[in-house]
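Colleague: Could you take me through how charged side chains are to be read in a model like this one? I would like the general idea before each case.

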Amino acid sequence: MPGERLTVRSSSEIGRFPGAAPPIRVELTIQSEVGKKQEEGGCRRWFRKVCPCCCKRQTSESYDVTDKVEFTKPPTPTPITTPEPAKPKPENGEMKEFGDAKLSVCSVDLLSSKSGANRTEHHTDLYHGDELIIRRGQTFQMEIEFNRPFSPDTDKMRLELKTGPLPIVSKGTHVIIPLVEHLEDERWEAKVTEQTCNKVKLSVNSPATAVIGLFGLTVTTQSAKDEEPTVHNPSKDIVILFNPWCEEETVFLDDEEQRKEYVLNDTGRIYYGTEKQIGARTWNFGQFHEGILDACLFILEKSDMPPSGRADPVNVVRVVSAMINAQDDYGVLVGNWSGSYSDGISPAAWSSSVEILRKYHSSTGVPVRYGQCWVFSGVTTTVLRCLGIPARSVTNFQSAHDTDVSLTTDVYFDENMEPIDHLNSDSVWNFHVWNDCWMARPDLPPGNGGWQAVDSTPQETSQGTFRCGPASVSAIRSGHVYLKHDTPFVFAEVNSDKIYWQRNLDGTFSQIYSEKKAVGHFISTKAVGTDERDDITHLYKHPEESEEERIAVETACRYGSKPDVYCSPAAEDVSVEVKIDGEGPRMGNDAKLSIVVKNQSSQPRQTTLHSQVAVMYYTGVLKNAIKKDKMPVELLPNEEKIIEWVLPYQQYQNQLVDQAALMLTLSGRVSETKQVLANQTTFRLRTPDLQITPLGEAVVGKAMSAKITFTNPLSRILKDVVFRVEGLGLQTGHEVVIGDVGGRATVTVTEHFIPTQPGPRKLVASLDCKQLTQVHGVADIVVHEQ
């Protein structure tokens with residue numbers, strides 16, 4: 001509209017998620033008529049493109065305009081944006097103005113200073129030194145200086161990264177980074193963002209699945225198809241780490257205070273003693289100290305894991321668990337519980353991981369003497385945090401050591417009630433320290449992501465090596481010990497029953513007593529943001545002797561070496577399942593599901609179903625429980641009951657995360673038969689679509705428009721709503737700033753554009769706001785030739 005003032009927003013290429021540079025606001029005036037282009041020579045246009053510092057363009061223009069934004073309720077117009085104009089391409093032969101000079105790289109600046117944008121945006125500014133240390137799944141910048149101006153139309157350039165002894169493209173250890181016009185998520189790409197004479201600034205994007213570690217960089221240039229490429233090796237390495245700030249990352253942790261604690265905090269507290277006399281000692285993790293990153297990368301190199309395996313944090317954690325102890329692979333620490341430490345340092349004398357890791361690295365892999373559980377745990381915390389995996393040290397008081405995979409702690413007596421020493425190999429430690437690390441577990445059923453137990457203290461072998469984990473803490477709590485890795489061992493540490501056995505005259509053993517609360521007390525870690533102790537026992541087990549805890553114990557033991565310790569169910573004739581009607585619950589309404597309980601026997605059955613619904617990330621990580629219930633169920637012979645389960649909107653409205661997913665967990669026990677009932681169902685709250693209606697005939701070069709309509713499904717105000725609109729061959733991608741949208745209100749946006757390519761096209765739009773995600777729409781438009 002003539003004279004209307006619009007606001008265009010653009011942002012830095014660094015940080016494609018929280019932490020990006022603030023938007024730049026530019027005011028434009030859209031004229032009612034488009035003036036004629038000023039005549040300009042081809043050479044001058046090309047020179048202006050490759051060297052903007054010497055020749056600046058005076059005017060700009062755009063045909064893509066968002067004409068108006070209409071609110072049905074309330075009807076408040078909102079400023080929107082216009083995209084940047086396309087730059088003209090050089091005419092054929094314009095390259096001759098600079099002769100036929102072969103393009104070559106003079107220097108590469110990785111912009112790697114600790115105070116620079118790369119290091120601060122990637123949260124790596126605390127690491128010692130000025131190397132480029134970045135986190136995967138996030139863009140970074142670099143500058144390249146050539147021997148002459150770079151022309152994107154005639155010159156070719158690519159970056160290459162290599163790691164390991166035999167870099168291979170298919171393994172992700174040899175990365176070829178092409179130059180593109182627009183960066184896309186989840187791939188290696190580079191884009192020219194600035195060009196000043198002979199210098200170009202690149203924004204480089206990496207996928208959230210990239211291999212981590214030390215990479216060598218080369219830059220390859222070529223000016224003509226038949227010309228021999230020139231390879232420049234800047235002799236500068238790049239370190240790539242895991243990224244808990246990136247939503248697409250397996251180790252993504254959606255809490256800034258927890259990221260500060262479990263990734264960035266370089267000191268902590270480790271607990272010891274007895275459950276009645278808990279002591280605490282300060283430990284210096286020192287993950288950013290000089291030489292520690294090099295030592296951590298050395299540990300990965302020294303392991304037998306191929307470099308391609310470093311893309312998966314499950315693999316990395318499992319390798320770290322093995323490499324921190326020296327039991328079978330010349331790892332970092334030698335364990336010693338003898339009380340004699342004259343040829344080394346007493347485990348109790350250590351208070352820091354720094355000296356231990358430096359010693360190990362400087363000796364090129366000679367194990368350091370000596371460690372016990374808290375030392376193994378402290379060093380593991382350092383290595384995991386240094387590599388970018390959220391981690392913490394955890395202490396379990398009255399910690400069981402199950403030696404025969406029975407998932408019970410067994411004590412044997414002879415006929416005269418004298419202990420049988422050679423059979424009593426199971427033990428209960430006053431305390432034992434291990435680690436939790438945070439990650440999604442796409443290799444396990446949904447709901448088992450989040451905290452994972454990992455133990456570097458050498459106790460039992462796992463697949464032939466002294467290591468333990470990562471074991472899902474959620475699986476441990478539920479007794480799902482059939483899920484990898486080493487879940488049975490950790491379950492026994494925290495929740496096994498202590499079973500007393502007496503030998504009979506015929507040599508068999510009978511169970512004479514069981515102690516149900518003997519192990520797994522006051523499981524402790526340092527609290528977030530303070531030096532207080534945080535009791536996390538509830539994460540590892542249900543309340544002692546609750547129905548849920550007993551079900552977990554009996555479920556676990558059925559997978560152990562003594563499956564008959566607890567009575568098997570007399571029958572398994574009751575089933576429970578969850579049904580979702582139609583497309584499922586919709587966002588903004590109460591969520592309603594049907595629980596179907598069926599008795600398939602000719603006898604009555606009675607149970608109590610325990611239900612819990614928790615918010616879940618799309619990776620399968622549970623955030624928190626938002627509703628718990630108990631439902632008594634009585635069934636007549638062959639009866640089926642349908643229980644309507646409801647989650648009120650008020651209970652979830654402020655709790656959801658991206659994808660709006662939830663998990664409903666049901667458990668119970670049939671009174672008559674002792675059958676265990678269990679069911680887990682994931683569901684999501686469906687969001688509305690953006691309705692896109694094309695207006696007018698779609699013809700190349702002819703103006704047309706489309707109407708985009710959205711109705712807020714929530715009764716609350718949506719803050720800072722932004723539409724993103726794009727259509728290849730129709731409309732260049734841009735943002736439309738809507739602002740606040742009232743509860744249940746409708747907003748309409750009218751887009752004006754001129755199609756540039758014929759054929760079937762798609763106009764795509766999505767909504768972005770903190771309170772509502774996964775809202776998008778598409779319209780199919782067939783564009784005709786003029």
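This is a predicted model: local features need pLDDT of at least 70, side-chain atom pairs count only at pLDDT 80 or more; totals for chains, interfaces and linings use all residues.

Colleague: How many salt bridges does the structure hold?

Modeller: The idea is that a side-chain nitrogen of Lys or Arg lies within 4 Å of a carboxyl oxygen of Asp or Glu. The structure holds 33 such salt bridges, and one of them joins Glu-160 to Arg-158, with 3.0 Å between the closest N and O atoms.

Colleague: Which residue does Lys-541 meet in a salt bridge, and how should I read the surroundings of the two?

Modeller: The side chain of Lys-541 meets that of Glu-544, with 2.6 Å from N to O.

Colleague: Which residues are linked with Arg-187 in a network of salt bridges?

Modeller: Salt bridges can also link up into a network, and in this model Glu-184 and Glu-189 are joined with Arg-187 in that way.

Colleague: Which residues form the negative surface patch?

Modeller: For a patch one looks at residues with over 30% relative accessible area and no salt bridge, like charges being joined within 9 Å. The negative patch here is formed by Asp-130, Glu-131, Asp-237, Glu-290 and Asp-294. Of these, Glu-290 is placed in the loop between β15 (277-284) and α4 (292-302), and with a relative accessible area of 42% Glu-290 is partly exposed.

Colleague: Where does Thr-607 lie, and what lies 2.9 Å from a polar atom of its side chain?

Modeller: A polar contact is a pair of N or O atoms within 3.5 Å, one able to donate a hydrogen and the other to accept it. Thr-607 lies in strand β31, which spans residues 605-616, and is buried, with a relative accessible area of 4%. The backbone oxygen of Arg-669 is what lies 2.9 Å from a polar atom of the Thr-607 side chain.

Conventions. Residues are numbered from 1 along each chain as its sequence is written. Side-chain values use heavy atoms; hydrogens and water are left out. Patches are made of residues with over 30% relative accessible area and no salt bridge: like charges are joined within 9 Å, nonpolar side chains (Val, Leu, Ile, Met, Phe, Trp, Tyr) within 5 Å. Accessible areas come from the Shrake-Rupley method with a 1.4 Å probe; for residues, only the protein chains shown count as cover. Lys and Arg count as positive and Asp and Glu as negative; His and the chain ends are not counted. The place of a charge is taken as NZ of Lys, CZ of Arg, CG of Asp or CD of Glu. Helices (H or I, at least four residues) and strands (E, at least two) are DSSP runs, numbered from the N terminus. Buried means under 20% relative accessible area, exposed over 50%, partly exposed in between (1.4 Å probe, protein chains only).
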